[in-house]
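Work through the following exercises with the sequence and the model side by side. Each task is followed by its solution.

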Amino acid sequence: MTTQGTPLPRKAGRRSRADNAEVRSQLLAAARSLFAKHGYAAVSTRAVADAAGANPAMIHYYFRNKEGLYEAMLADTFKPLVERLGSLMAAPDLGPAPIRRVLELYMRTLGANPWMPPLILREVVAGDGRLRDWFIRQFASPGSGLLTRLIEREQAAGHLRADLNPTLAALSLVSLAVFPFAAMPVASEVFGMRVKDDYLDRLISHTERLFMQGTGQKP
């Protein structure tokens, strides 16, 4: 019951939905930082919990275990990207400059998450990448399939050359979008690459022009 409209205090031990979301978010942020810096094997769940200022039991509560935490960390970033690609492909009309829209999606996502490329290189691409199969199944294969369909639709619309292999063209598009961020430690020193809006704008425009001049229909 309440007295004059005053709500009863919440029982001890009960967390609000906002509290839960904040703790989960703090754990994911700590995981991104530690996994990217030290690698999956070198980071314990206690280290993640300590960095997040949380009880280690919270990792079990939200993610089951360290592998579940790692998967959730990647899904938080990659799932929206794949979903937005799917929304683009679901539209009856791709609209103007769909290649530009894909590059924007990839490159701004990577620019906003600089922890992602080194982590993926270490934990997925490397020879003993422990989560490679999971990553391919959850994100890489669906994403590549959507990009290949995009290339095919642009070929059918006459915007890209008909003699292109759609799968190889999709691979080239991803390579152009991802490599500068994967090579950031070197690219920043050698080429002066910076993750800033004005620089990203120029890089995206340059990448779009480079791809379209190599693959687009000649006037």
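**Exercise 1. Describe the largest pocket: its volume, its lining and the classes of its residues.**

Step 1. The largest pocket holds about 740 Å³ of space. A pocket here is an open set of points on a 1 Å grid over the protein atoms alone where a 1.4 Å probe fits, with protein on both sides within 12 Å along at least five of seven lines; lining residues have an atom within 4 Å of a point. Grid points are joined across faces, edges and corners, and the volume is the space filled by probe spheres set on the points.

The model is predicted: local features need pLDDT of at least 70 and side-chain atom pairs pLDDT 80 or more, while totals for chains, interfaces and linings use all residues. Residues are numbered from 1 along each chain as its sequence is written, and side-chain values use heavy atoms, leaving out hydrogens and water.

Step 2. Of the 29 lining residues, Tyr-106, Phe-135, Ala-140, Val-174 and Val-178 lie nearest the centre of the largest pocket.

Step 3. At least two lining residues come from each of helix 4, helix 5, helix 6 (116–125), helix 7 (132–156) and helix 8 (166–182). Helices are DSSP runs of H or I, at least four residues long, numbered from the N terminus.

Step 4. This lining has 23 nonpolar, six polar and no charged residues. Ala, Val, Leu, Ile, Met, Phe, Trp, Tyr, Cys and Pro count as nonpolar, Asp, Glu, Lys and Arg as charged, and the others, Gly among them, as polar.

**Exercise 2. State which helix gives the largest share of the lining of the second largest pocket.**

Step 1. The second largest pocket has about 260 Å³ of space. Among its 13 lining residues, Phe-179, Pro-180, Phe-191, Met-193 and Leu-203 are closest to the centre.

Step 2. Helix 8, helix 9 (184–190) and helix 10 give two or more residues each. Helix 10 has the largest share, with five residues.

**Exercise 3. Trace the salt bridges of Arg-100 and the network they belong to.**

Step 1. Arg-100 meets Glu-104 in a salt bridge at 3.1 Å, N to O. The term requires a side-chain nitrogen of Lys or Arg within 4 Å of a carboxyl oxygen of Asp or Glu. Both residues lie in helix 5 (residues 98–112), four residues apart.

Step 2. Arg-100 also pairs with Glu-208, at 3.4 Å. Glu-208 is in helix 10 (residues 197–215), so this pair ties together parts 108 residues apart in sequence.

Step 3. Shared partners join Arg-100, Glu-104, Arg-108, Asp-201 and Glu-208 into one network.
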